[in-house]
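Hi,

Here's the structure I promised to send over.

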Amino acid sequence: MESTNAERFITAYNTIDYSLRTIYDFKRSMSFSDVVRRSVVLNSVVRKYEDDLIDYGRLRNAIIHSGNKDYIIAEPHDEIVEKIEKLADLISEPPLALDRVGNKEVITISHDMSISKAMELITRTGYANLPVYNGTKLLGILNARKIVDILGKVIIDGRNLQEYVETTNVGQIIENMGDDYYFMIADEGLTIDEAMNSFENNRKLLIILITKDGKDTEKPLAIISSVDIIDMKKILDVYYVPDSKK
């Protein structure tokens, strides 16, 4: 027998409630509205649809409080049911970041490559972020904007720019970036929500490098930059349907 809109709504609501309590270890005694409000700073989907989720909590109470399964006093519209079901999917089974950016080529460079050669590679490929390795060990990520900053200081100091870019290797730049340079490594299970939260919680974060197990000795699978986050935000549209569910 086909489920009613009310039954579908309650199922989706329960999925959201259970997922948020489980993921963030909220107490069972906490109300759904408090769960939502506390999840706002932790979850991008909840942050975007906080008001809708609070409204859904009120609607759920109107349905459940009837006390009679054969008499539904609030039957949700199709649009509302579809919306909460897709919100439940995004919260309980968040899309992986790798699925969004995994089709992009990752170009790596050796630590002993000259800045001149690295700049040529950036210009030729259009990739502004290049992972730098010493053998199989990741040293850091060479960022085009950071190169510009460093070269600007060379010019200000009155040094020979051409000589500098030809005789200085990228490994030396990585070593001198210090604490002012931010990137992070994540495993292939990184979700879009986690990636977005990482950038939102650390405004200095430039790059997330994804490897199989999140280790700096593993082959890079993908790179996420702030530009990719713009595209990822589109997935938070509740009318988005993953290919597997079409």
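Lys104 sits in the loop that links helix H6 (97-101) to strand E1 (109-110); helices (H or I, at least four residues) and strands (E, at least two) are DSSP runs numbered from the N terminus. This is a predicted model, so to speak: local features need pLDDT of at least 70 and side-chain atom pairs 80 or more, while totals for chains, interfaces and linings use all residues. Numbering runs from 1 along each chain as its sequence is written, and side-chain values use heavy atoms, without hydrogens or water.

Lys104 is partly exposed, at 39% relative accessible area (buried is under 20%, exposed over 50%, partly exposed in between; 1.4 Å probe, protein chains only). Its side chain makes a polar contact with that of Asp228 at 2.4 Å (a pair of N or O atoms within 3.5 Å; within protein, one able to donate a hydrogen and the other to accept it, and residues adjacent in sequence count only if both atoms are side-chain atoms). Glu93 is eleven residues from Lys104 in sequence, yet the C-alpha atoms are 23 Å apart.

On to helix H2 (residues 32-39): Phe32, Val35, Val36 and Ser39 are its buried residues. Viewed down the H2 axis, they fall within an arc of 95°, so they line one face of the helix (the arc is taken from the directions from the helix axis to the C-beta atoms). They pack against helix H1 (5-24), helix H3 (44-48) and helix H4 (50-64), contact being heavy atoms within 4.5 Å.

Cheers
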